[in-house]
Amino acid sequence: MSKEKPAEEVPLEALNPYELRVNLGTKVSESAVQAALRTGDVGFLHSFTTGSTVDGPGVRVVAWTSGCQFRCLYCHNPDTWNMMNGMPVTLERAIEALGKYRHGLRIMSGGFTLSGGEPLMQDRFAARLLTRAKAIGIHTALDTNGFLGERLSDQELDQIDVVLLDIKTWDSARHQRLTGKDVGPTLDFARRLADRKRTIWLRYVLVPGLTDDVDDINQTATFAAGLGNVQRVDVLPFHQMGRYKWKKLGINYTLDNVSAPSPELIERVCRQFTAVGLKAY
Ligand code: SF4
């Protein structure tokens, strides 16, 4: 993707989920950014993708927001960390883009997923977009690390059909090393979703040497099973497809020598989740 194109000329739809996009929002003034965050009239989006079968039930349209407060060592989209790398998109333009897919999504038992980055960095835009999508009959999903879950009201949570919740690791010191943040708010959000009987699809990124500790996964699995609202667990194997972005952005990448998990390791981790009664894939 060219850096030179003005944001308004950049198509919402990305070539692929790994397309590098930077500096699309830098011409927006600080006061306009603050207003956008306060009202949700405008959001900062990395891109839209269509036809996803891995971001919630059925076939889905996915909007990828920019901005994330985590710094996961294995992140494959570090160009979404900075909100200003996203393009400013009005709520109305996003809804219009989504509306075009409404009937097709219903036929394919799919829906709309808001992902990132971390969508709740722009919680007003996220809440309004998901609510509007739901109002026009689209199944809604929020893909989140959960850290800012308290920003959504109970009524707003009720507009979300499924939360794809990333629990990175159970151990708090490991979580801090891996993401730069505390795991507590994510777990609190999971408990709140359980209290409100909102469906969770748990996402667990499996990185050899970083998130494959047996005890750690057992604790995560026990916690998840105890919630009672975790419909499935997706064990997502680490890959190196985002590495080039770290290099291009000049960020120190520490996982050069980490391989994708073996089929045996993936199977072991899935078994740890199924052993406590969860469905894991
Ligand atoms: S939470 Fe997601 S987007 Fe944010 S740093 Fe981690 S992997 Fe990247």
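Select R60 first: its bridge partner in strand β4 is G111. Strands, like helices, are DSSP runs numbered from the N terminus, with at least two residues (E) for a strand and at least four (H or I) for a helix. The model is predicted, so that local features need pLDDT of at least 70 and side-chain atom pairs count only at pLDDT 80 or more, while totals for chains, interfaces and linings use all residues. Residues are numbered from 1 along each chain as its sequence is written, and side-chain values use heavy atoms, with hydrogens and water left out.

**The strands**

Next, select β2, residues 60–65, together with β4, residues 111–115. These two strands run parallel and are joined by 5 bridges; strands pair if DSSP finds at least two bridges between them. Of the 6 residues in β2, 6 are buried, where buried means under 20% relative accessible area, exposed over 50%, and partly exposed in between (1.4 Å probe, protein chains only). The side chains of R60, V62 and W64 point one way from β2, and those of V61, A63 and T65 point the other way.

Then move to β3, residues 87–90. Strands β1 and β3 are antiparallel, with 4 bridges between them, and F44 stands opposite P88 of β3.

**The ligand**

Select the ligand and the residues around it: C68, F70, C72, C75, W81, G117, N145 and K168. A residue counts as near a molecule if one of its heavy atoms lies within 4 Å of it. By class, this shell holds 5 nonpolar, 2 polar and 1 charged residues. Nonpolar here covers Ala, Val, Leu, Ile, Met, Phe, Trp, Tyr, Cys and Pro; charged covers Asp, Glu, Lys and Arg; the others, Gly among them, are polar.

Stay on C68, one of the shell residues, which counts as buried at 10% relative accessibility. Now select C270, which is also buried, with a relative accessible area of 13%. How many disulfides are there? The count is 0, taking a disulfide as a pair of cysteine sulfur atoms within 2.5 Å.

**A loop residue**

Finally, select T169, in the loop between β6 (162–166) and α6 (172–179). T169 is buried, with a relative accessible area of 0%. Its C-alpha atom is separated by 9.5 Å from that of L206, 37 residues apart along the chain.
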